[in-house]
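Please look over the structure shown here. The report that follows goes through a few of its helices and single residues.

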Amino acid sequence: MTAEILQPRRRPTQERSHKKFDLLLQVSRALLLEVGFESFTCEEVAQRAELPIGTLYQFFAGKYVIVCELDRQDAVAVRQELAQFASEIPTLDWLRFLDRLVDHMAALWVEDPSRRAVWHAVQSTPATRATAAVTERELAAEVARALAPLTPGTPRERRQIMAEVLVHVVYSMLNFSVRDGQGHAEAVIELKRLLAAYLVAGEHS
């Protein structure tokens, strides 16, 4: 049985609704970081946003939908950076591309600890994991497109699989790098070595 993909009940089309939608997500992110996913409730989000709970439920069926939307939101900045890098290709080689992308994402994880909270939250149920996997695959498709001119010897299907592996490993390792007691810089260096070795092996296999 395929897990349900969680989406907002509706997305705002007017400026006033956009402001409420964005406020609910902003408050949700702060609350998630403060109390953790188990103690996170829609009622508390609505109260802190100073909006009726009915307004929240107009957009979101529950907290699982909210965290999946936060996960999509987090992917936006990475996709924007990928688009910027892609515009510089073919002046970049793939090692420089990989180095800059990992550095950018690592900075996001350090500067915004809520990313780790969101990542852990979407691991909580089959539906949230399935929804997060869709977001990862969409990001991986962008990575595969960016890698295409840098890895011309790799077939398209294999490049897509490699991109999905890269995205999943990067997300997992960055969350590992910012956990309590972990040396972030050292973990990022090891991540770069791991990814470089993987891409070298993939290009020559």
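Which residues does leucine 191 touch, not counting residues up to four places away in sequence?

## Leucine 191 in H9

Leucine 191 touches Val102, Val169, Val170, Met173 and Leu174, with residues up to four places away in sequence not counted. The model is predicted, and every value below is computed from it. Leucine 191 sits in helix H9, residues 184-203. Its relative accessibility is 1%. Leucine 191 therefore counts as buried, since the cut-off for buried is under 20%.

A distance along this part of the chain can also be given. Leucine 191 and serine 177 are 14 residues apart along the chain. Their C-alpha atoms are separated by 9.4 Å.

## The buried side of H2

Helix H2 covers residues 42-49. Its buried residues are Cys42, Val45, Ala46 and Ala49. Why do they lie on the same side of H2? They cover an arc of only 95 degrees around the axis, and that puts them on the same side. Residues three or four places apart in an α-helix point the same way, because there are 3.6 residues a turn.

What do these buried residues pack against? Their partners are helix H1 (15-35), helix H3 (53-59) and helix H4 (63-88).

Most residues other than glycine have a negative phi.

Is glutamate 50 buried or exposed? Its relative accessibility is 72%, so glutamate 50 counts as exposed. The cut-off for exposed is over 50%.

## H1 against H2

H1 and H2 pack with their axes 9 Å apart, at an angle of about 120 degrees. That angle makes H1 oblique to H2. The crossing of H1 past H2 is right-handed.

Which residues meet here? H1 brings Leu23, Leu24, Val27, Ser28, Leu31 and Glu34. H2 brings Glu44, Val45, Arg48 and Ala49. By class, this contact has six nonpolar, one polar and three charged residues. Val45 and Ala49 take part in the contact, and both are among the buried residues of H2.

## H1 against H6

H1 also packs with helix H6, residues 114-121. Their axes are 9 Å apart, and the angle is about 85 degrees. H1 and H6 are therefore roughly perpendicular to each other. On the H1 side, the contact is made by Arg29, Leu32 and Leu33. On the H6 side, it is made by Ser114, Arg115, Ala117, Val118 and Ala121. These residues divide into five nonpolar, one polar and two charged.

How many of the eight residues of H6 are buried? Six are, so H6 is mostly covered. The buried residues of H6 are Ser114, Arg115, Ala117, Val118, Trp119 and Ala121.

## Serine 17 in H1

Serine 17 is found in helix H1. Its relative accessible area is 15%, and serine 17 is therefore buried. What is serine 17 in contact with, leaving aside its neighbours within four places in sequence? Its contacts are Arg10, Pro12 and Phe59.

## H4 alongside H7

How do H4 and helix H7 (residues 126-147) cross? Their axes come within 9 Å and cross at roughly 10 degrees. That makes H4 roughly parallel to H7.

H4 makes the contact with Tyr64, Val67, Cys68, Asp71, Arg72, Ala75, Val78, Arg79 and Leu82. H7 makes it with Thr128, Thr131, Ala132, Thr135, Glu138, Leu139, Glu142, Val143 and Ala146. By class, the contact of H4 with H7 has 10 nonpolar, three polar and five charged residues.

## Serine 87 in H4

Serine 87 has its place in helix H4. Its relative accessible area is 52%, so serine 87 is exposed. Serine 87 and alanine 146 are 59 residues apart in sequence. In space they are 8.9 Å apart, C-alpha to C-alpha. Ala146 is also one of the H7 residues in the contact with H4.

Definitions and conventions:
Residues numbered from 1 in each chain as written. Predicted model: local features only at pLDDT ≥ 70, side-chain atom pairs only at ≥ 80, totals over all residues. Heavy atoms only, no water. Buried < 20%, exposed > 50% of the residue type's maximum accessible area, 1.4 Å probe, protein only. Helix = DSSP H or I, 4+ residues; strand = E, 2+ residues; numbered from the N terminus. Arc of directions from axis to C-beta. Contact = heavy atoms within 4.5 Å. Axes fitted to C-alpha atoms, helices over the stretch in contact; angles between N-to-C directions. Parallel < 35°, antiparallel > 145°, perpendicular 65-115°, else oblique. Left-handed = near helix turned anticlockwise from the far one by under 90°. Nonpolar A, V, L, I, M, F, W, Y, C, P; charged D, E, K, R; others polar.
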